[in-house]
Amino acid sequence: MREAKQPAGGPFAHGGGRVDRTMGLVLLALLPATGYGLYLFGWPAINLLVVTVLAAALAEAACLRIAGRRVWPTLGDGSAVLTGWLLAMTLPPWAPWWIGAFGAVFALVFAKHVYGGLGQNLFNPAMVGRVALLISFPLEMTRWLAPRPLMTEGAPGFLEGLEITFLGGAPADAVSGASVLGHVKTELSRGHTVSDALAGAPDRIQMALGQMPGSLGETSAALLLAGGLLLLVTRVIRWPIPAAMLGTLAAAGAAPHLIDPARYPDAMVHLLSGATLLGAFFIATDYVTSPATLRGQLIFGAGCGLLVFVIRTWTGYPEGVAFAVLLMNAATPLIDRWVRPRVFGRTARGRPLDHAATLIEERAGG
Amino acid sequence: MLTAIVSLTVIGLVLGAILGIAARLLKVEGDPLGGEIEALLPGTNCGQCGFPGCAAAARALAEGRAGVTLCPPGGRALVGDLAAKLGVEADLSAVEEDVPRIAFVNENLCVGCTRCFKRCDTDAVIGSAKQIHVIVQDACNGCGKCVEVCPTECISLRPQPVTLQTWHWPKPPLAA
Amino acid sequence: MKLFSIRGGVHPKGRKELAADVAIAPVGLPPLLRVPLLQHIGTPAEPVVRKGDLVKKGQLLAIGQGMVSAPVHAPTSGRVMAIGRYVAPHPSGLPGRTVTLKPDGQDEWADLPPPLDPETATPEEIAERVADRGIVGMGGATFPSAIKLNLGGRYDLHLLVVNGAECEPYLTCDDRLMRERADQVIDGILSMRKALGVGRAIVAVETNKPRAMEALRKAGAGLDGLRVVGVPTRYPMGSERHLVQTLTGLETPARGLTADIGVVVHNVATAFAVHEAVRLGRPLISRVVTLSGGGIARPGNYEARIGTPIEALIAAAGGLEDRTARLILGGPMMGQPLADPKAPLVKGTNGVLALRPAESGESAAQQPCIRCATCVSVCPCGLMPLEMAARIRKEQLDAAVEHGLMDCVGCGSCAYACPSRIPLVQLFNYAKGRLTAVQRARHKQEEIKRLARARAERMDAIARAKREQMDRRKAERAARKKAEQTAPEAAAEKRDQETVDA
């Protein structure tokens with residue numbers, strides 16, 4: 001019954017939370033939107049997802065081995081699979097295999113393991129992978145197509161799918177359509193108004209359901225929202241980041257639209273298109289790269305929302321979730337440094353409370 | 001072109017002048033650092049650092065010829081103080097776990113020669129001629145001078161024993 | 001009564017059903033009692049008996065030293081076998097000074113001080129009695145109780161809180177005490193209230209103990225200014241500062257005392273001990289302790305003498321069912337691992353748990369921190385445990401202090417909730433201990449510097465004195481020589497003179 005030389009400290013009770021359970025729940029929450037995306041865009045999309053996830057897992061395993069760490073239990077935490085999965089969801093569904101593989105390897109190696117692995121990275125790996133792809137291969141990364149659901153007329157079969165993904169054989173006529181945001185941007189630059197631009201685009205219901213051109217897993221706002229709600233209910237994520245991000249984006253989108261509806265699309269377009277919902281629930285909420293306090297998370301989410309609006313409206317890129325999240329990731333250490341909870345028995349500035357009266361005054365005053 | 005050359009030259013001159021004036025005005029007289037560092041060191045001139053005495057060690061530290069981990073009797077506390085004084089990062093984990101070492105007298109071998117008693121810089125040895133000497137733990141900083149002079153080799157340096165009052169939790173093993 | 005909310009906290013599985021319905025049972029005399037001299041926070045007591053002495057039950061064995069200390073009394077009558085070092089009930093398993101007592105089986109009381117009537121006794125008399133009878137905080141903190149009863153003079157107090165929250169899982173000793181000895185507990189509270197000079201007293205009980213509340217309410221019916229209040233079942237409700245905040249909404253200043261906001265907190269078991277001391281003159285020589293956990297054959301609540309070996313307690317509870325179980329003193333959240341079951345029961349031991357690996361959650365492996373910030377949201381003190389842990393990992397202890405390390409009460413909510421199972425509490429304890437050690441070393445370093453300087457000055461003085469003496473002699477000699485040379489006759493004369501004198 002004697003203890004070993006080094007006694008282990010308490011507590012001798014545990015709530016039962018586990019990292020792999022958390023990652024598993026996030027993957028589960030992604031399933032509906034992913035499944036629908038795979039259905040809409042068929043075999044090439046399935047191939048791309050498989051390639052990306054596999055590449056992410058292999059890159060993680062290779063990095064762990066090079067670093068001299070044990071591969072198996074760490075790979076089992078599911079974080080690499082999740083990174084690959086999230087990256088795949090932001091890719092054009094018929095992109096060639098090497099896009100997914102390059103993005104996943106880049107994300108795992110340069111955005112995760114060079115920092116020291118899980119928990120050490122400054123930037124969201126999936127978004128680093130996506131931005132690297134967007135900058136390096138702008139053409140491949142903006143080749144959208146209208147949905148061609150599985151088992152329907154014109155959808156590629158299994159073999160055709162392999163050809164599209166692995167031999168770059170996307171038929172020229174198949175590649176058509178633009179994402180809503182891209183379309184609006186192009187039309188605006190041609191001097192058309194937003195309402196003209198949106199006239200030819202999918203209506204709101206189609207956008208909510210996801211029947212429009214777009215990235216593999218980003219199209220169905222409704223299913224992403226459902227997944228996000230699942231994460232909220234299971235307490236995997238907390239409300240401040242999604243609430244602040246969506247709220248700020250809606251507010252920032254609505255105000256200029258009221259002033260000049262011809263130049264600025266309304267808030268709903270912002271919320272339902274692009275990676276907004278995926279970003280708000282699944283990407284900006286990444287624990288590692290977001291602030292630790294509720295107030296910090298509110299600031300972080302609001303910053304993401306505002307940046308998304310700014311990038312979409314005034315820069316050359318039609319979509320800005322990835323950039324916005326990465327920029328706010330960079331601000332996270334600063335936010336965590338300045339926004340801390342008030343310590344028990346201390347004022348907000350960290351001085352000990354003098355006596356009860358000070359606290360009551362502070363509460364009344366602030 | 002001319003404007004660029006002129007403006008850059010002016011900027012350069014102005015900044016250079018500011019730097020020059022600052023160097024004059026804010027000039028540090030002498031080097032107070034050595035003295036300040038010496039005040040931190042134990043002052044027993046034990047020589048375990050390899051320098052002849054604490055003053056020499058302090059000069060070496062001030063001139064960057066020695067690292068902040070040079071003083072074994074000072075332990076981690078001193079490393080921290082020196083690092084703060086010199087504004088360097090001290091890798092404390094590299095410092096040998098500093099259970100302070102303390103001299104112990106083997107009472108069976110002590111002949112009461114008083115050599116250690118005379119040699120001790122902190123009066124940590126109690127005893128007189130022909131009587132067994134005892135070391136006051138609180139006054140011994142483990143410099144080891146007494147070990148050198150003992151003719152019967154009855155003094156040894158040993159880690160200070162841990163008691164209920166001084167024990168604390170060890171650092172737990174951490175995943176990478 | 002309106003209650004206030006506290007920040008954070010967790011809801012661990014109570015597991016109180018294992019022992020809550022088992023009545024307090026006495027434990028027999030073991031063959032040897034080991035009574036440590038340090039059973040409280042502060043200076044160890046100094047023995048007043050010698051090896052071979054015969055002592056009566058309740059006789060003073062060791063007397064408190066200095067401002068913060070407490071005396072120790074004989075738990076039964078018998079012979080003092082030794083005063084030496086014996087394994088302490090401490091995670092290190094290191095020995096501490098201990099009186100070993102061989103019971104003579106008579107269990108014969110010594111002369112006890114006369115009973116006091118709290119109605120007529122002065123506050124000072126009560127506090128003195130509590131100090132004299134060796135009573136310390138029995139909730140685990142073991143701070144000498146008399147000091148906390150003497151605060152009335154220095155602080156403007158308005159409320160006595162009696163802590164019956166018992167928020168640690170498994171533990172039921174306070175629950176049983178409140179149920180079975182409610183009258184005595186209430187009487188002790190009246191004594192404490194008198195000593196403090198406050199009118200109001202609140203007994204706070206977590207709402208998972210309805211029968212204890214009922215018993216106390218019955219015992220305290222008709223008493224002015226005494227309330228029994230149910231507080232939410234939520235860990236760490238029993239933390240002094242958090243309990244006071246729940247009841248009053250007032251926040252104890254950092255590095256201060258609850259007395260700063262006019263409140264003093266005592267444990268219910270302490271109230272019972274105060275009753276025994278005041279009404280019967282009895283010293284604190286036994287206590288109720290919960291034995292529980294999946295590894296204990298017959299979980300229950302046992303009244304045992306201080307100094308009873310833990311293994312004897314376990315044997316009284318039917319022994320260990322599971323050899324792999326981990327032994328813990330106290331509750332699972334803040335309790336300490338027991339290094340050696342031969343260690344004795346002390347005044348602050350409220351539980352002995354034998355937890356199977358599945359219960360203590362030790363089976364799972366540690367993983368890297370994913371910054372999920374669960375620890376931040378559960379911390380009742382408003383700290384950021386993940387940031388502190390990251391600093392301590394890199395040995396940046398000062399940075400950890402800047403992040404509030406010294407405001408951490410060590411409740412363990414963060415480690416309980418951590419999905420990566422990082423040993424946060426041990427990290428913080430390590431850092432706190434390290435900082436204390438550094439402080440101690442620095443203090444010693446200064447002392448040694450002073451000694452070295454003193455010696456150097458002394459040596460200098462001796463050398464100077466010698467030199468001066470030599471100089472003087474030299475000068476004298478030179479003067480003499482000179483005198484001889486310049487005035488040989490005079491010198492000769494003088495010499496003659498001297499000869500004559502001789």
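Two strands are said to pair if DSSP finds at least two bridges between them, and the strands themselves (E, at least two residues), like the helices (H or I, at least four), are DSSP runs numbered from the N terminus. The views below show a predicted model, in which local features need pLDDT of at least 70 and side-chain atom pairs count only at pLDDT 80 or more, whereas totals for chains, interfaces and linings use all residues. Residues are numbered from 1 along each chain as its sequence is written, while chains are lettered from A and ligands numbered from 1 in the order in which they are written.

**View 1. Strand β8 of chain C with its partners β7 and β2.** Strand β7 (residues 78–87) of chain C pairs with β8(C) in the antiparallel sense over 9 bridges, and within this pairing C:Ile83 has C:Val99 of β8(C) as its bridge partner. Strand β2 (residues 33–36) of chain C also runs antiparallel to strand β8 (residues 95–103) of chain C, to which 4 bridges join it. Here C:Leu33 has its bridge partner, C:Leu101, in β8(C).

**View 2. An open sheet of 3 strands in chain C.** The strands follow the order β3-β5-β6 (chain C), and their pairing is antiparallel. At the edges lie β3 (46–47) and β6 (72–73) of chain C, each of which pairs on one side only. Between β3(C) and strand β5 (residues 60–63) of chain C the antiparallel pairing extends over 2 bridges, and C:Ala62 in β5(C) is the bridge partner of C:Pro47.

**View 3. The covered strand β17 of chain C.** Of the 5 residues in strand β17 (residues 351–355) of chain C, 5 are buried, a residue being called buried if 20 or more other C-beta atoms lie within 10 Å of its own, exposed if 12 or fewer, and partly exposed in between, with C-beta atoms placed from the backbone. In a regular strand the side chains alternate between the two faces of the sheet. In β17(C) both faces are covered, with C:Gly351, C:Leu353 and C:Leu355 buried on one side and C:Val352 and C:Ala354 buried on the other. Strand β13 (residues 286–292) of chain C pairs with β17(C) in the parallel sense over 3 bridges, and C:Leu291 stands opposite C:Val352. Strand β15 (residues 326–329) of chain C runs antiparallel to β17(C) and is joined to it by 4 bridges, with C:Leu327 having C:Ala354 as its bridge partner.

View 4. A nonpolar core is a set of buried Ala, Val, Leu, Ile, Met, Phe, Trp, Tyr and Cys residues joined through C-beta atoms within 7 Å. The largest core has 246 residues, of which C:Val161, C:Leu216 and C:Leu313 touch the most other members. Its largest share, 20 residues, comes from α1(A), and at least three residues come from each of domain 1 (16–316) and domain 2 (374–432) of chain C, where the domain bounds come from an automatic or database domain assignment. Apart from neighbours within four places in sequence, C:Leu216 is in contact with C:Met178, C:Ala182, C:Val185, C:Ile186, C:Val203 and C:Val228, contact meaning that the C-beta atoms of two residues, placed from the backbone, lie within 7 Å. Another core, of 16 residues, lies apart from the largest one and includes B:Cys49, B:Cys54, C:Val438 and C:Ala441.

**View 5. The side of chain A that touches chain C.** In this interface 38 residues of chain A are in contact with 59 residues of chain C. On the side of chain A, the elements that give two or more residues are α1 (19–66) and α17 (356–365) of chain A. By class this side of chain A divides into 19 nonpolar, 11 polar and 8 charged residues, where Ala, Val, Leu, Ile, Met, Phe, Trp, Tyr, Cys and Pro count as nonpolar, Asp, Glu, Lys and Arg as charged, and the others, Gly among them, as polar.

**View 6. The two domains of chain B.** Chain B is divided into domain 1 (32–94) and domain 2 (101–159), whose centres, taken over C-alpha atoms, are separated by 25 Å. Their contact takes 6 residues from domain 1 of chain B and 7 residues from domain 2 of chain B. The side of domain 1 of chain B that touches domain 2 of chain B has 3 nonpolar, 3 polar and no charged residues.
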